[in-house]
Amino acid sequence: MGVVRIVELPRIEGHLDVEIEILGEDIRVRAMAREGIRIYDMILRGREYSEVPDIVSRMCGVCSVIHRVTSVMAIESALGITPSDDILALRELATIGGHVQSHLIHLFYFILPDVLGIDSFIRLIDKNPGLIKKVMRIKGLANSIIEALSGRAVHPITTVNAETSFLPSRDKVYRILDELKATKNITLDISKIFLEAEFPDIPKEENFVSLASRDSINLLTGKISTTSGVMEPQAFLERINAIVEEYSTAPHFLFDGKAYMVGSLSRLNNNYPLLNGSARDLAKEFNLTFPSNSIFMNNKAQALEIVYFLERAEEILGRLLEKDELKLQSEKKHGNNFGLAATEAPRGLLIHTYQLENGKIISANIITPTAQNLKNIEKNASEYVRALLNNNFDLGEIRKQIEFLVRSYDPCISCAARFRKSNNLGKKLYK
Amino acid sequence: MHKLKVGIYSLSSCEGCIVQILNLEERLLEVLNHVDLVECRVLGLKHDDEVDVAFVEGFVSSDEEATKIKEIRGRSRILIALGDCAYSGMRFVAKDFGTSTIRADPINMYVNVDYHLRGCPIDSEEFLSLISDLIHGKKFKESSKTVCSECILLENKCLLDKGFLCLGPITRGGCNAICIANNKGCFGCRGLGDDVNISAFIESLKSKGISIPSYLLGLLKGPGYGSSQNS
């Protein structure tokens with residue numbers, strides 16, 4: 001039947017073309033990152049370690065908080081610094097702000113039009129202004145959490161660490177707490193839109209990777225949970241490899257030679273018993289069960305996470321306010337100049353590693369969630385095309401469904417893109 | 001009254017400037033009462049026709065993107081470069097003056113740019129004042145002050161006096177010294193101010209015992225890309 005090319009897939013972060021090739025029984029989908037050259041790993045070489053957080057936050061306008069926090073944690077590990085629990089709690093708060101705003105952008109600005117069959121969220125300005133205002137209020141709340149901790153919602157100015165005396169004023173914290181309490185029902189209302197929506201339950205996802213959690217859903221620390229067991233991040237790194245595809249400006253990762261999925265769905269699949277509070281109640285109310293192996297459930301997982309994260313923020317803030325003074329001193333031992341941090345970005349597992357020498361970066365490696373998802377996107381989109389063809393869908397409908405499927409991974413191409421195929425840089429960076 | 005037709009476009013970038021616009025929340029709704037947003041890939045809006053105002057974020061990193069920016073210029077009456085990527089090819093963020101072999105071209109290497117909104121990301125208030133000027137048919141004028149002179153008026157504590165590096169004295173204002181207000185030295189993301197004296201700045205850093213970052217010496221030779229005058 002030939003080739004369908006979706007050029008610059010609308011309603012995702014960054015530039016991605018998707019090519020669907022159907023040659024008889026042979027079906028191939030290619031996820032072609034088109035974003036230009038953004039070689040942060042190279043830009044960082046030779047820089048003072050203190051310059052890194054400001055530069056890497058610029059990898060992504062939607063997930064700048066987690067890039068900043070992850071780089072700081074990786075560099076701390078290179079220097080032998082262990083942040084105190086209070087510092088980690090403050091960073092988790094900023095991260096939660098970042099995740100909630102990112103999930104809201106994905107669900108409402110990107111996915112909702114697919115659910116409602118409209119082209120753009122902004123059509124709701126006339127059709128359902130009440131909903132737009134609710135979404136904007138919660139997004140504003142999420143951003144105010146980032147601003148209180150880091151100074152600015154996009155490209156945060158500071159990261160809570162021992163060297164920064166920056167702490168939010170009690171006034172600001174109380175205002176955020178009041179707003180968290182006042183907006184609880186609004187958060188539930190808007191999340192339900194996705195929890196009650198009917199999504200296709202194919203194709204079958206298999207390989208879920210995320211941080212492993214113990215007490216709450218971990219975002220900043222912990223081992224890595226995979227279908228082959230729980231392992232240290234370093235061991236995980238040794239089992240993944242990057243493929244450079246001629247057609248893509250992003251590396252495509254495999255774990256033990258197989259495609260895998262990171263993101264909200266992986267987090268809940270691997271840590272479902274820890275989902276508590278209203279999010280747990282909602283999952284029961286809507287008969288949602290995890291683990292689930294439909295990628296469309298990633299949208300519902302994000303909706304549950306919005307509820308979970310905001311309750312978690314309230315809990316952390318309450319806990320911190322009870323203390324007379326926060327412990328911001330970190331422990332420092334001798335570092336070995338190699339630093340690694342594995343965290344959960346809104347879109348899934350994120351790993352930063354840095355090798356330092358005399359306080360300067362001599363090599364950096366940033367493994368983003370979307371780069372890890374690309375092979376899985378291709379595999380599952382191919383299977384989905386086959387299923388749709390078997391059900392006699394026409395190419396126009398197939399195209400729409402594939403757009404919806406790719407979008408459900410919440411890809412972020414600005415993060416994933418690194419090199420341009422023409423200059424062999426990809427091959428140099430990823431042997 | 002004719003509503004301005006507006007398009008928002010992105011080249012290679014982090015899309016943070018668009019996120020910054022979306023983060024205006026209800027104030028964005030107010031803006032959308034007065035303009036007609038017709039094209040924006042992130043919001044699923046497609047138009048492919050003439051617009052009154054084109055906002056472009058990102059730099060040019062390929063011939064394809066060079067063609068794209070020319071195509072957008074060809075069908076827009078007013079073109080505005082958003083953020084440091086579009087303004088300088090991200091040089092003021094990456095502090096990479098003249099040594100890079102990576103192609104990251106500012107858009108005014110290819111097309112005329114009517115206005116620049118500088119910074120990384122753009123400043124929301126500055127965006128709103130530009131939009132308001134356009135709606136009222138006025139010319140937008142960017143701040144001629146440095147970050148330092150804005151900062152003094154806000155009575156922030158001077159970080160240079162405390163011995164920290166701050167690029168406020170040589171950086172163009174318009175951001176209300178947001179970094180210094182958050183207890184961090186100016187990062188210089190808005191590029192150089194008018195007629196700033198880099199040599200004198202380096203001397204003053206020396207006298208305060210602050211170590212001189214090597215990129216400042218690179219900047220002495222000029223930032224290494226074309227002029228960025230507003231027309």
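I counted 13 aromatic pairs over all chains, taking rings of Phe, Tyr and Trp (its six-membered ring) as paired if their centres lie within 6.5 Å, with planes under 30 degrees apart stacked, over 60 edge-to-face and the rest tilted. One of them joins A:Phe296 and A:Tyr384, edge-to-face at 5.8 Å centre to centre and 65 degrees between the planes. A:Phe296 lies in the loop between helix 11 (277–285) and helix 12 (297–321) of chain A and A:Tyr384 in helix 13 (residues 369–390) of chain A, so the pair ties together parts 88 residues apart in sequence. Helices here are DSSP runs (H or I, at least four residues), numbered from the N terminus. I found both A:Phe296 and A:Tyr384 buried, that is, under 20% relative accessible area (1.4 Å probe, protein chains only). A:Phe199, A:Phe296, A:Tyr384 and A:Phe404 form one aromatic cluster.

The model is predicted: local features need pLDDT of at least 70 and side-chain atom pairs pLDDT 80 or more, while totals for chains, interfaces and linings use all residues. Residues are numbered from 1 along each chain as its sequence is written, chains are lettered from A and ligands numbered from 1 in the order written, and side-chain values use heavy atoms, without hydrogens and water.

I next looked up the interface. In chain A, 53 residues are in contact with 43 residues of chain B (heavy atoms within 4.5 Å). I noted four salt bridges between chain A and chain B, each a side-chain nitrogen of Lys or Arg within 4 Å of a carboxyl oxygen of Asp or Glu. B:Lys184 and A:Asp54 meet in a salt bridge at 2.5 Å, N to O.

Note on methods:
Helices (H or I, at least four residues) and strands (E, at least two) are DSSP runs, numbered from the N terminus. Buried means under 20% relative accessible area, exposed over 50%, partly exposed in between (1.4 Å probe, protein chains only).
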